[in-house]
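The sequence and structure come first.

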Amino acid sequence: MKVLFISGSYPPAQCGVGDYTGQLASALSVSGDFEVSVLTSVSAPAELPGAAPAVFRTMRTWRVGVAEAEDLLRRLKPDIVHVQFPTQGYDDWKGVAVLALTARMRLRIPLVLTAHEYLPRSCIGKSFWMYLLVALANRIVVVRPGFYERIPWLLKPLLPKRKFEFISNASVLPRMALSRAEREAVKRDAGCAQGRLIVFFGFSFPHKGVDLLFHIADPAEHCLLFIGPSSADDPYHEELRRLAASTPWKGRAAFTGFIGAEPAARLLAAADAAVFPYRTGGGIWNSSLHAAMEQDTFILTTSLERNGYDSAANVYYARPDDVDEMRRALRQYQGTRRPRPLAAEDEWAAIAQKHGEIFSALRGRSALAAG
């Protein structure tokens, strides 16, 4: 069965959804049951020639018309089209919807959509195209629990619950099994020879509360390391650099910039805590949390639904913006390590199997309709 993924970003592009797509496409390819290809934005190839999945880095823009979309899909000849949405790489949501509309309505190709964000409260303006994608899809995979319950009630009659399938996320970073001596060496190389290493991993945005790390951590005890892209033109990133250069934190806080998966995994594995003080709460949909969990590192994050320490997951859930609670939790649980029962490779294999079941069911239904 030929499965075509459509994703605005794909590794090595800097995008969490692109990383997710790469892991899922690879896991499906390994299964041997699917011929997987990926349509993505123009970028330098990172895969070996002839390797699976086949990656078509051909989209200079996603502003495509119906005729162009139909020509593209007829050349690739997929049995299933699977759209990942949203991603950093889409420069036009309307064009993605045109591709989906062409596949579903003109070519009668079953359409699957993975929605990585909750639906906006309004379907006016740019959000209309996301709602159109959801309406067009035969099946909708969601990585956030409670997705259907958050759909505006006026729209629920158009979006039957049976179309939705929750499939959890997993780590996009490899597991790094480091000894105590190796963790200490990584910390020294990161500039933290003395004290505990506290890290944040991912994109730094105001809604992620990254600036709160400077108030949660203690410069007398902690070193801060921000793992992820940093821009000289971003006002929020400038604020973070200003805080790092302030008197209490000068020489105790650093930024890696964008780094590869293995270096990032090693830093997370060496850390005494990974802190994600999201202002609106985090959860199992956050790939950064999964990446830290994969390394057995203690995680401090926020939640609107949970509170307290989950010993099995080695995660403390604090109330958003409650700096005092997060300080106490960090002091109590920093350095705690808990092995995970499943490695990321096994989790992605299970995720791929669930997707495969969806694809097979849709393909069977499509064949019956054609007959």
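Strand β2 (residues 35-41) pairs with β3 in the parallel sense over five bridges. The model shown is predicted. Both strands belong to an open sheet of seven strands, described below together with other features of the fold.

**Sheet**

- The strand order is β3-β2-β1-β4-β5-β6-β7, and the pairing is parallel.
- The edges are formed by β3 (54-59) and β7 (164-166); each has a single partner strand, so one side of each lacks a neighbour in the sheet.
- From one strand to the next, the twist averages 20°.
- Where β2 and β3 pair, L39 stands opposite F56 in β3.

**Helices on the sheet**

- Helix α3 (residues 93-106) lies across β1 (2-6), β4 (80-85) and β5 (111-115). The direction of α3 is at about 160° to β4.
- Helix α4 (residues 127-136) also packs on the sheet, where it touches β4, β5, β6 (139-142) and β7. Its direction makes about 135° with that of β5.

**Cis peptide bonds**

- P11 and P12 are joined by a cis peptide bond with omega of about 10°. P12 sits in the loop between β1 and α1 (16-31).
- F85 and P86 are also joined by a cis peptide bond, with omega of about -15°. P86 is in the loop between β4 and α3.

**Positive phi outside glycine**

- R108 is not a glycine, yet its phi is positive, about 55°. The residue lies in the loop between α3 and β5.
- Is R108 buried or exposed? R108 is exposed, as its relative accessible area is 57%.
- D296, likewise a residue other than glycine, has a positive phi near 70°. D296 is placed in the loop between α9 (287-293) and β12 (299-302).
- In contrast to exposed R108, D296 is buried, with a relative accessible area of 12%.

- How many cavities of 30 Å³ or more does a search of the whole structure find? The search finds one.
- The largest cavity holds about 70 Å³ of space.
- Its lining consists of F200, G202, S204, F226, I227, G228, P229, S230, H237, L240 and F255.
- The elements that give two or more residues to this lining are β9 (222-227) and α7 (235-244).
- By class, the lining has six nonpolar and five polar residues, and no charged residues.

Note on methods. Residues are numbered from 1 along each chain as its sequence is written. This is a predicted model: local features need pLDDT of at least 70, side-chain atom pairs count only at pLDDT 80 or more; totals for chains, interfaces and linings use all residues. Side-chain values use heavy atoms; hydrogens and water are left out. On a 1 Å grid over the protein atoms alone, a cavity is a set of points where a 1.4 Å probe fits but cannot get out, and a pocket is an open set with protein on both sides within 12 Å along at least five of seven lines; lining residues have an atom within 4 Å of a point. Grid points are joined across faces, edges and corners, and a volume is the space filled by probe spheres set on the points. Helices (H or I, at least four residues) and strands (E, at least two) are DSSP runs, numbered from the N terminus. Ala, Val, Leu, Ile, Met, Phe, Trp, Tyr, Cys and Pro count as nonpolar, Asp, Glu, Lys and Arg as charged, and the others, Gly among them, as polar. Two strands pair if DSSP finds at least two bridges between them. Axes are lines fitted to C-alpha atoms, for helices over the stretch in contact, and angles run from 0 to 180 degrees between N-to-C directions. Contact means heavy atoms within 4.5 Å. Buried means under 20% relative accessible area, exposed over 50%, partly exposed in between (1.4 Å probe, protein chains only).
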